[in-house]
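Subject: A structure for you to explore

Hello,

Here is the structure I promised to pass on to you. Please open it beside this email and look for each residue as you read.

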Amino acid sequence: MGEEPEIEPKTILRRTRVEVMPYLRELARRSRAVYPRLEIAKRWIEYYEGLSKVRPLTKAERRKLEEHRKTKRLLESRLEVLRVAGKYARTKLPTDLIALRQAQSKYYEAKAEFVPEEKKVEFVEKMVPPRDLYEEFAEVMSDIEEKCKSYKAIKYRTTPEAMIMSPFEREEALKRIGKDLSEKYARAYELGQRGKSLSELIEHYKEMKRLGAVGY
């Protein structure tokens with residue numbers, strides 16, 4: 001079998017421009033759309049990678065290729081934020097909240113690649129919280145969820161264990177859980193100051209305070 005004929009650079013460029021055109025038209029209609037921007041970046045990456053198989057890329061072409069790759073990473077991370085944000089909006093689960101915060105962290109990491117070098121460290125420190133912070137936040141929120149369930153079960157005697165408790169045992173158990181909850185809410189608030197909207201946490205706290213679970 002013979003070797004495949006080498007494609008001319010002009011042919012690769014012409015093909016790329018044809019493939020990009022529909023996405024440019026879509027952007028003209030919806031300037032903030034993410035998908036067409038992502039597809040455009042993908043096509044230009046393919047162009048420069050295809051061109052590199054024909055001849056060595058110039059310094060300017062290598063720079064443009066890297067810019068398109070950075071744009072692709074940024075847009076993909078943006079779409080991931082939107083995807084997990086939608087899931088968390090439906091479930092309100094701590095595990096999905098942590099996935100959202102991690103996705104946001106990756107998005108800002110990708111965005112930091114567009115920040116001037118002299119400002120990059122400051123940007124990362126301000127906008128990209130450490131991953132272990134989110135892991136701890138997930139653990140704290142899960143603990144809060146479990147302790148709220150336990151508090152309500154004892155308060156309203158909805159489990160066999162709660163039903164057989166003496167008044168003294170019941171009061172002591174509620175105080176113990178209430179103290180733990182107060183500490184957990186305080187820690188969740190502290191962690192949530194970086195990257196999390198606190199409105200839901202505050203509403204949750206107010207509800208448990210109304211039930212007498214916190215404030216001991």
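Below is what was found in it, region by region.

Before you start, please note that this is a predicted model: local features need pLDDT of at least 70, side-chain atom pairs count only at pLDDT 80 or more, and totals for chains, interfaces and linings use all residues. Residues are numbered from 1 along each chain as its sequence is written, and side-chain values use heavy atoms, with hydrogens and water left out.

**Two helices that pack**

Two packed helices are described by the angle between their axes and the distance between the axes. Here, the axes of helix 2 (residues 35–54) and helix 3 cross at roughly 145 degrees and come within 9 Å. Helices are DSSP runs of H or I with at least four residues, numbered from the N terminus. The axes are lines fitted to C-alpha atoms over the stretch in contact, and the angles run from 0 to 180 degrees between N-to-C directions. The crossing of helix 2 with helix 3 is left-handed, a term for a near helix turned anticlockwise from the far one by less than a right angle.

Which residues make the contact? On the side of helix 2 they include Y35, L38, W44, Y48 and L51, and helix 3 brings, among others, E61, L65, H68 and L79. Contact means heavy atoms within 4.5 Å. The residues of this contact divide into ten nonpolar, eight charged and two polar. In that sorting, Ala, Val, Leu, Ile, Met, Phe, Trp, Tyr, Cys and Pro are nonpolar, Asp, Glu, Lys and Arg are charged, and the others, Gly among them, are polar.

**A closer look at E61**

E61 sits in helix 3 (residues 59–91). Is E61 buried or exposed? E61 counts as buried because its relative accessible area is 14%; buried means under 20%, exposed over 50% and partly exposed in between, with a 1.4 Å probe and protein chains only. Leaving aside neighbours within four places in sequence, E61 touches Y48, L51, R55 and P56. A polar atom of the E61 side chain also lies 2.9 Å from the backbone nitrogen of T58.

**Salt bridges**

Side chains of opposite charge can pair when their charged atoms come close. A salt bridge is a side-chain nitrogen of Lys or Arg within 4 Å of a carboxyl oxygen of Asp or Glu, and by this rule the count comes to 13.

E80 is partly exposed at 33% relative accessibility, and R83 is partly exposed at 48%.

Next come E136 and R187, joined by a salt bridge of 2.8 Å, N to O. This pair links distant parts of the chain, with E136 in helix 6 and R187 in helix 8 (residues 167–192), 51 residues apart. E136 is partly exposed at 29%, and so is R187 at 27%.

In helix 6, K149 and E146 are three residues apart, and the closest N and O atoms of their salt bridge are 3.8 Å apart. Salt bridges that share partners also join E19, E39, K42 and R43 into one network.

**One last residue**

I144 lies in helix 6 (residues 131–155) and is buried, with a relative accessible area of 1%.

Happy exploring!

Technical notes:
Helices (H or I, at least four residues) and strands (E, at least two) are DSSP runs, numbered from the N terminus. A polar contact is a pair of N or O atoms within 3.5 Å; within protein, one must be able to donate a hydrogen and the other to accept it, and residues adjacent in sequence count only if both atoms are side-chain atoms.
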